[in-house]
Amino acid sequence: MKIEQNKVVEFSYELEVDGQVVDHTTKERPLDYIHGTGSLLPKLEEHIQGMEPGDKFEITLSPADGYGEVDQDRIIDLPKAAFEVNGEIREDLLVPGTTIPMLNSMGGVIPGVVLEVNGDNVKMDLNHRMAGKTLHFKGEVLSVREATEKELTEGLHGEYVHSCGCGGCGGHGHDGGCSCGDDCGCSDGCGCGCDEAEGGCGCDESCDCGCNEGKDCGCN
């Protein structure tokens, strides 16, 4: 069976950036998705369309075809008060290089990286961590099957039913663990995601969105 619209696909892959493997899956724990539903980066999805189990692929994506260029407007200054959880500022998280889930103005969760802390202000980078990067994928298609009506309606992992705005690797399999408190905001429309901040996207372990694992598997 070939990869076509509404087929459930499993594949293993390696993602190489700047000469280093930064992410991968295995045949035992592959990536799965429903083809044609916007789960993958468009150029990657286009590249593997028509392939069959056993076919191998390799493709290099420019930043424009991947996660875009670095947007300076997404590097922002926030007050420390934005990182208050249960009435206490999480000073332990405000360390350069730490990834913290942030709530945007739409209530979605996006990962932000602490760049620097200066007095009562924190400089955050809200760009995708692969923004500006050239992505080199290589992998193998493992299986292709028809999606069930339930999968088409609810999502392969129920993500259409339990969506929580968690971005990361495409939002596979969200559950209620992604929801965060209402008191996390600030005047800029962003705020610390929730108590699970150290997880990388504000999700609990049952939220299979990939961002807790730092994945960049080509998902949006």
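Accessible areas in this report come from the Shrake-Rupley method with a 1.4 Å probe, and for residues only the protein chains shown count as cover. On that basis the protein exposes about 10900 Å², of which carbon and sulfur atoms supply 44%.

The model is a predicted one, in which local features need pLDDT of at least 70 and side-chain atom pairs count only at pLDDT 80 or more, whereas totals for chains, interfaces and linings use all residues. Residues are numbered from 1 along each chain as its sequence is written, and side-chain values use heavy atoms, with hydrogens and water left out.

**Overall build**

The protein holds two helices and 11 strands, where helices (H or I, at least four residues) and strands (E, at least two) are DSSP runs numbered from the N terminus. Along the sequence these elements follow the pattern β-β-β-α-β-β-β-β-β-β-β-β-α. Of the 220 residues, 45% are buried; buried means under 20% relative accessible area, exposed over 50%, and partly exposed in between, with a 1.4 Å probe and protein chains only. Among contacts (heavy atoms within 4.5 Å) with a separation of 6 or more, 67% are between residues 24 or more positions apart.

**Nonpolar cores**

A nonpolar core is a set of buried Ala, Val, Leu, Ile, Met, Phe, Trp, Tyr and Cys residues joined through side-chain atoms within 4.5 Å. The largest such core has 22 residues, and Ile-3, Phe-11, Leu-44, Ile-48, Phe-57, Leu-135 and Phe-137 touch the most other members. At least two residues of this core come from each of strand S1 (7–17), strand S3 (31–34), helix H1 (42–48), strand S4 (56–61) and strand S11 (135–146), with S1 giving the most, five residues. A second, separate core comprises 13 residues, including Ile-76, Phe-83, Ile-110 and Leu-126.

**The four-stranded sheet**

An open sheet of four strands has the order S5-S10-S9-S8 with antiparallel pairing, two strands being paired if DSSP finds at least two bridges between them. Strand S5 (75–79) and S8 stand at the edges with a single partner strand each, so one side of each is left without a neighbour in the sheet. Direction ignored, neighbouring strands of this sheet are turned by 45 degrees against each other on average; axes are lines fitted to C-alpha atoms, for helices over the stretch in contact, and angles run from 0 to 180 degrees between N-to-C directions.

S5 pairs with strand S10 (residues 121–125) in the antiparallel sense over five bridges, and Ile-75 stands opposite Asp-125 in S10. Five bridges also join S8 to strand S9 (residues 109–118), again antiparallel, and here Met-102 stands opposite Ile-110 in S9. Four of the five residues of S8 (residues 99–103) are buried, so this strand is largely enclosed by the rest of the structure. The hairpin of S8 and S9 has five residues between the strands, and Gly-107 in this hairpin takes a positive phi near 85 degrees.

Most residues other than glycine have a negative phi.

**Gly-155**

Gly-155 is found in the segment after helix H2 (149–154) and, at 6% relative accessibility, counts as buried. Leaving aside neighbours within four places in sequence, Gly-155 is in contact with Lys-150 and Tyr-160. Gly-155 and Thr-37 lie 118 residues apart in sequence and 9.4 Å apart in space, C-alpha to C-alpha.
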